[in-house]
Amino acid sequence: MTTLDTGPAAAPRVSFFNDPVIRGIIYQVVVAGLLIAFIVWIVGNTAANLAAQNKTTGFDFLWKTAGFDISFALFPWSRASFYWEAFLVGITNTLLVAFVGIIFATMLGFTIGIARLSSNFIVSRLATVYVETIRNIPLLLQLFFWYFAVLKAMPSVRESILLPFDSFINQRGIFVPRPMPDEQFGFVWIGVALAILAIIALRFWAKKRLETTGRRFPVFLSSVALLIVLPGLVWFASGASVAFEPPVLERFNFKGGIQLPPEFVALLFGLSIYTASFIAETVRAGIQAVNKGQTEAAQSLGLKEGDRLRLVIVPQAMRVIIPPLTSQYLNLTKNSSLGAAIGYPELVNVFAGTALNQTGRAIECIALTMLVYLIFSLLTSVIMNWYNARVSLVER
Amino acid sequence: MQKTLATIALAASLGLVATTAQAAILDDVKAKGYLQCGVTGGVAGFSAPDSNNVWTGLEVDFCRAMAAAIFNDADAVRYTSLTSQERFTALSAGEIDVLSRTTTWTMSRDTQLGISFVGTMYYDGQGFMVRKADGIASALDLSGAAICIESGTTTELNAADYFAANGMEFNTVVFVDQDEVVKAYEDGRCDVYTTDSSALAAERSKFANPADHIILPEIISKEPLGPVVRAGDTTWFNIARWTYFALLEAEELGVSQANVDEMLGSDNPAVKRLLGVEGDFGTPLGLTKDWAYQIVKLVGNYAESFERNVGPSTPIGLERGLNALWKDGGIQYAAPIR
C-alpha cells in the first residue's frame, strides 16, 4: 500500500447530506427507483391497454401458415411456409441489400471523396456537384426516382434486350443463366482454398524478405496469378464441368436462371449512391485531417507515391474516417427499410408489413423487427470498433 | 398469460406504449365536435378527394351519415387517409373513431384484432385486371404472370390461395401504397393488377386509356366491405350499425333527400318511426329523436349515395347487383326500425 493513511480522525467534518459519497448514493438510488417505476408503469399500461382492446397476443403465430407470396427470397418460399420463415426471408433480404450496398457505397464513396480533392478542376467540381445534389434530396424520393426511372427505361418482357451469355434485361429485372456445377466441382473449391492459403504464406514470406533484405516482391500480381492458375489446373485435372441453365421466355415471364428483380436493383442503386455522398465527405475529411508534413516526411524518406499513400497517409486518415463510416454503414442498413415503398421484400415490408397485418400482432412484429435492426447495428458496431482498435494509434 | 407477459415485457423494454380511449367514444366525439374517420388514400367512388379537395364517395358518405346523426351536420368529419397496413393500428390506437375504408370483413379480423365490423356497405369480390393486348381471356391463364398487390390485404391471401388451388405458378410484387401498385402495373412491371373488382373499376376509370385494360370474368373471393369500430363500446357500435341500417331503410321506404321533409307527414308508420315522428329511436342510441331524418336530409339514402358515387352514370359504372335491396334481388337487408 502506497496510499497515505491519515486516519479517520483527520477526515473533515461535514454534515451527513453534504458528504459527496452519501450524496452520490442517494442520487443513484433515486434514479434507479424512478427508472424501475417507469418500467413498471409502461408494462402495466401496455397490459391494461392490450386487455382493453380485446386483442390476442403472443408469439404463437410464428408457427402458423403465412398464406401469402414473397416475390424474392434466397431460399425456397411458398404460401404454405410459416411466419417465422417469412421473418427469415425478411432478414436475409435486408442483409443482402445492406451487405452489397455497403460494398458499393464504400467503393463509390472513396472514389468520389478522393476525386473531390483532385487537383483536376473538372474532376473535383463534378465530385462536389455529386455530393451536394445527392445528399440534399430525401432518400425516399431518390428510391422512387430510381425504381420508376429504371422501370420506364427498360423494355417490356417481349422486347427484352439480349445480353451476351444468354442474359436478358427487361422490366422484370435482369436474368442470367444459373450455374449448375457437377459433383467434381468440389475439387475446384479445394483448389481455391489452397490458393488462398498459398497467398497468405506468400505475403508473410514477402514481408520477411522486405524486412531482412529490403527487396520487394510483387505480392498482388502473384496472388492474382495463384488464384487463377491453381483452381484452373484443378478444374482441368479433375474434369469438373459446369452446366448453365439459361432463362427461357415463357408465356408471361422468363423462367429459370437467376433473376435480379428491379426492386432490388433500384434499392441497391438508391442506397449506394445516397450513402456514397456521405462517405465521400467522410473520406475527404479524413484525408484532409492528415498533416501535410506527413506527406513531406514520407517524401523525404524517399517513399514512392503509392507507398506514401498506402503506408503513411491512408492509415492515418482511416483513424478519422472509421467512426463516421460506421455510422454511415448503420444508416444504410436501417435505410434499407424504405425498400418497402418500392416493393422490395425486406424485413419491414415482409414482417412489419404483411405479417403484422395478416396477424394483427402489432407489438410482437414491431418488437421483433426492432430487435433485428438493433442486433444488426450492434454487430456492425462491434466489427467496425474492432477494426478501429486495430488501426488506432498505438501509444508506447 | 405467460405469453402475454412475455409480449408485454418485450414491448415495454422497447418502449412501445399502446394508447387507447376506452368506452364512451360518443362522449369523446361530442366533446371534440367532429368525427375522425379513417379512409383510403383515394379509391374513386369509395373515398377520394374531389377537384375541390372535398372527400366524396360511398364510404365517405357513411362517415358523413354518422356525423349527421350525431351532430346534425354532415360536414363535422375529419378524414385520415390510411394505407391497408396502417388502418387497424390507427383504429385500435384511437387515432380514428371509425374506419370506413374498403375493408373486408373476415373472421380473424373480427375476433382477434379487438375490432368489430358494423355491416357490409358494399358486397364485393376480388378480380383481376390485365392489358387487353396480352390476349388473356380467363384468370386460369395467368400461371407465371407477375401480379401487383397491395400489402397486408385479404387480396394478398386470396390470390395465393387461388393460384395454389389451381396449381398455377405465382409471382407477386407487393407494395405498401396502392398508388405504387397501380403505377407499377401501368409501367409494365406486372401483367396483372388484382384487388376488389370495384376498386379495379375505380382505378381503371383513372387510367389514360381505360379501354386498353380488361377485368377478367373470374371473381375469386367474397369481399364484404364495411365500416369498422373498436370493440368494447356497445353504444358506439350501435350508432354505427344503425346509421348503416337507416341508409338502407330509407331507400326501402322510398325516403330520399328530396322528399324527406314531405315524408314527415307520411301515414306509413315505418316512415314515421324512421323519421322520429312516432316513437323515439334516437335517445336509446345517445342521439336525438330525429337522428335518421338528419341522415337522409343531409346525406341521402343508400341508393342515392350509390348512384352518386359508383353507379352506372358515374365513370366507375358499377351495377347494383348484389348490392340491390333484398326486395330487388340483391342482398342488402336492414333490420327493421321498431
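1. Some terms first. Ala, Val, Leu, Ile, Met, Phe, Trp, Tyr, Cys and Pro count as nonpolar; Asp, Glu, Lys and Arg count as charged; the others, Gly among them, count as polar. With that rule, the lining of the largest pocket divides into 19 nonpolar, nine polar and nine charged residues.

2. This is a predicted model, in which local features need pLDDT of at least 70, side-chain atom pairs count only at pLDDT 80 or more, and totals for chains, interfaces and linings use all residues. Residues are numbered from 1 along each chain as its sequence is written, chains are lettered from A and ligands numbered from 1 in the order in which they are written, and side-chain values use heavy atoms, with hydrogens and water left out.

3. How much space lies in the largest pocket? About 1100 Å³. A pocket is an open set of points on a 1 Å grid over the protein atoms alone, with protein on both sides within 12 Å along at least five of seven lines; lining residues have an atom within 4 Å of a point. Grid points are joined across faces, edges and corners, and a volume is the space filled by probe spheres set on the points. The largest pocket is lined by 37 residues, with Ser71(A), Phe72(A), Gln259(A), Phe170(B) and Asn171(B) closest to its centre. Strand 7 (254-255) and strand 8 (258-260) of chain A, and helix 6 of chain B, each give two or more residues to this lining. Helices (H or I, at least four residues) and strands (E, at least two) are DSSP runs, numbered from the N terminus.

4. The second largest pocket has a volume of about 740 Å³. Its lining has 16 residues; Arg203(A), Lys207(A), Leu210(A), Arg310(A) and Leu311(A) lie nearest the centre. Helix 5 (185-213), helix 6 (219-238) and helix 9 (305-335) of chain A each supply two or more lining residues. By class, twelve are nonpolar, none is polar and four are charged.

5. A cavity is a set of points where a 1.4 Å probe fits but cannot get out. There are four cavities of 30 Å³ or more. The largest cavity has a volume of about 150 Å³. Of its 16 lining residues, Thr102(B), Glu150(B), Thr153(B), Thr195(B) and Asp196(B) lie nearest the centre. Helix 6 (154-165) and strand 11 (192-196) of chain B each give two or more residues to that lining. Strand 11 of chain B has the largest share, three residues. Two lining residues are nonpolar, nine polar and five charged.

6. Which domains does the lining of the largest cavity draw on? Domain 1 (23-121 + 224-321) and domain 2 (124-221) of chain B each give at least three residues. Domain bounds come from an automatic or database domain assignment. The centres of these two domains, taken over C-alpha atoms, are 29 Å apart. Their contact (heavy atoms within 4.5 Å) takes 17 residues from domain 1 of chain B and 17 residues from domain 2 of chain B.

7. Between them, domain 1 and domain 2 of chain B bury about 1300 Å², of which carbon and sulfur atoms give 54%. Buried area is the accessible area (1.4 Å probe) that two parts lose on being put together, summed over both. Val43(B), Ser84(B) and Gln85(B) supply 29% of the area that domain 1 of chain B buries against domain 2 of chain B, more than any other three residues. One salt bridge crosses this interface. A salt bridge is a side-chain nitrogen of Lys or Arg within 4 Å of a carboxyl oxygen of Asp or Glu. Arg101(B) and Glu150(B) form a salt bridge, N to O 3.6 Å.

8. Next, the two chains. Contact involves 56 residues of chain B and 55 residues of chain A. The chains bury about 4800 Å² between them, 56% of it on carbon and sulfur atoms. Three salt bridges are counted between chain B and chain A. Arg189(B) forms a salt bridge with Glu263(A), with the closest N and O atoms 2.7 Å apart.
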